Amino acid sequence: MNTETWKVTLEAYLDGELSQQQARDFEELAASDPAVEAELATRRSLRAAWRDALLAPGETQATRPIRIPSGRFRRKTMGWLPPALAASLALLLAIPLLDRSEHAQNENITPALTRSGQVVAPSFGEIPGRIVVLEPGVFDLPSGWCR
Amino acid sequence: MSEIPNRKQADPLDQLMASHGDGVLRYLRSLVRDPEVARDLLQDTFLKLIDRVEGAGRTLVYATARNCALDHLRRLKVRRGNGSIPAEASSQLSAPALGSRPDVHLDAAGLRDAILGGLATLPEDQRTAFHLSEIEGIPYAEIADLLGVSPGTIASRKHHAVRKLRQHLRRLGYEH
């Protein structure tokens with residue numbers, strides 16, 4: 001048996017692919033040839049090391065697909081997508097509300113005139129009863145207002 | 001008198017996943033290297049098997065996984081515009097530099113990366129023969145069935161894969 005042949009046979013022997021007779025023949029060869037015996041020992045240790053390395057738990061643990069109510073399945077990937085969509089939607093809804101709130105706040109400031117000629121804003125923002133007195137000339141009256 | 005409700009019957013997909021999920025994921029990892037891509041392909045594999053889950057055997061599961069991986073590699077090839085199915089970019093993972101770690105034999109993570117790097121240089125059929133036989137312990141006849149070749153061909157492919165992988169590991173200092 002030449003080297004290439006016994007190396008293929010060695011693999012088959014390690015994999016349990018030989019018949020009983022073939023396995024016995026190979027064991028006899030290994031017992032009579034130190035090179036074959038040494039190679040067999042090396043391959044056994046390599047196989048153990050390779051299996052330890054590749055079978056180690058961690059990255060290679062499977063997760064099954066998620067079942068959704070319709071009975072269909074979807075991939076358990078893109079887990080970031082639902083929160084991102086929710087956040088975007090919330091932002092889209094919040095922008096007009098904030099804008100309207102700010103607008104309403106400005107509308108609460110209703111300037112008025114006092115007898116002294118001062119312009120008074122009777123309320124300001126959300127602080128009830130707060131009166132802001134503006135110095136004459138500070139506040140430009142819109143056209144159409146009269147004293 | 002009403003019966004006590006039975007425990008929830010095991011889902012066939014769960015059973016299939018429990019039996020083969022980890023092995024298929026390792027196999028996909030050896031084919032595509034990138035762990036995230038391997039996970040996606042695992043999901044694709046089991047999604048394809050949903051309608052055939054009853055009675056699906058190991059060969060069907062691995063054959064489906066292989067098809068998913070080959071489809072992915074073909075798409076990658078088209079995107080990259082080169083002529084061969086890529087042995088997924090060898091530089092993706094950090095294999096140790098040549099001769100930089102001559103005394104490290106028990107570093108499982110480093111060895112894993114080195115093995116995956118070595119497998120990436122092999123043709124896909126040798127990779128499959130090596131991984132399924134050497135790591136998963138699947139018989140030659142079953143792998144042959146999966147690949148549509150004879151068991152003797154599997155023995156030969158595995159022998160070549162082992163030889164090349166050992167050369168690769170020797171260059172990296174993992175085998176003297």
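Ala65(B) sits in helix α3 of chain B, which covers residues 58-80. Helices here are DSSP runs of H or I with at least four residues, strands are runs of E with at least two, and both are numbered from the N terminus. This is a predicted model, in which local features need pLDDT of at least 70, side-chain atom pairs count only at pLDDT 80 or more, and totals for chains, interfaces and linings use all residues. Residues are numbered from 1 along each chain as its sequence is written, chains are lettered from A and ligands numbered from 1 in the order in which they are written, and side-chain values use heavy atoms, with hydrogens and water left out.

**Starting from Ala65(B)**

With 0% relative accessibility, Ala65(B) counts as buried. Buried stands for under 20% relative accessible area, exposed for over 50%, and partly exposed for what lies in between, using a 1.4 Å probe and protein chains only. Leaving out residues up to four places away in sequence, Ala65(B) touches Val24(B), Leu28(B) and Thr45(B); a contact means heavy atoms within 4.5 Å. Thr45(B) is 20 residues away along the chain, yet its C-alpha atom and that of Ala65(B) are separated by 5.2 Å.

**How the helices pack**

Let us follow α1(B) to its partners. Where α1(B) meets α3(B), residues on the α1(B) side include Val24(B) and Leu28(B), and Ala65(B) is among those on the α3(B) side. The contact also involves Leu16(B) and His20(B) of α1(B), along with Ala69(B) and Leu73(B) of α3(B), among others.

The axes of α1(B) and α5(B) cross as well, and this crossing is right-handed. On the α1(B) side the contact is made by Gly23(B), Arg26(B), Tyr27(B), Ser30(B) and Leu31(B), and on the α5(B) side by Glu124(B), Arg127(B), Thr128(B), His131(B) and Leu132(B).

Another pair is helix α4 (residues 108-120) and helix α7 (residues 151-172), both of chain B. These two helices are oblique to each other, a word for angles that are not under 35 degrees (roughly parallel), over 145 (roughly antiparallel) or 65 to 115 (roughly perpendicular). Leu111(B), Ala114(B), Ile115(B), Gly117(B), Gly118(B) and Leu119(B) in α4(B) meet Leu165(B), His168(B), Leu169(B) and Leu172(B) in α7(B).

Axes are lines fitted to C-alpha atoms, for helices over the stretch in contact, and angles run from 0 to 180 degrees between N-to-C directions. A crossing is right-handed if the near helix is turned clockwise from the far one by less than a right angle, and left-handed if anticlockwise.

| Helix pair | Axes | Angle | Crossing |
|---|---|---|---|
| α1(B) and α3(B) | within 10 Å | roughly 35° | right-handed |
| α1(B) and α5(B) | within 10 Å | roughly 145° | right-handed |
| α4(B) and α7(B) | 9 Å apart | about 130° | right-handed |

**A closer look at α5(B)**

Helix α5(B) has twelve residues and reaches 16 Å from its first C-alpha to its last, close to the 16 Å expected at 1.5 Å a residue. That expected span is 1.5 Å times one less than the number of residues. Eleven of the twelve residues are buried, so α5(B) is largely enclosed by the rest of the structure. Among the buried ones are Ala129(B), Phe130(B) and Ile135(B).

Gln126(B) belongs to this helix, which runs over residues 124-135. Gln126(B) is buried, with a relative accessible area of 10%. Residues up to four places away aside, Gln126(B) touches Arg157(B), His160(B), Ala161(B) and Lys164(B). After α5(B) comes Gly137(B), with a positive phi near 70°.

**A loop residue with positive phi**

Arg33(B) lies in the loop between α1 (12-32) and α2 (35-49) of chain B. Its phi is near 70°, a positive value in a residue other than glycine. Most residues other than glycine have a negative phi. Arg33(B) also counts as buried, at 0% relative accessibility.

Chain B has seven helices and zero strands, and 51% of its 176 residues count as buried. Among its contacts between residues at least 6 apart in sequence, 64% join residues at least 24 apart. Chain B exposes about 8300 Å², with carbon and sulfur atoms supplying 51%; accessible areas come from the Shrake-Rupley method with a 1.4 Å probe, and for residues only the protein chains shown count as cover.

Chain A has four helices and five strands, in the order α-α-α-β-β-α-β-β-β along the sequence. Of its 147 residues, 20% count as buried.
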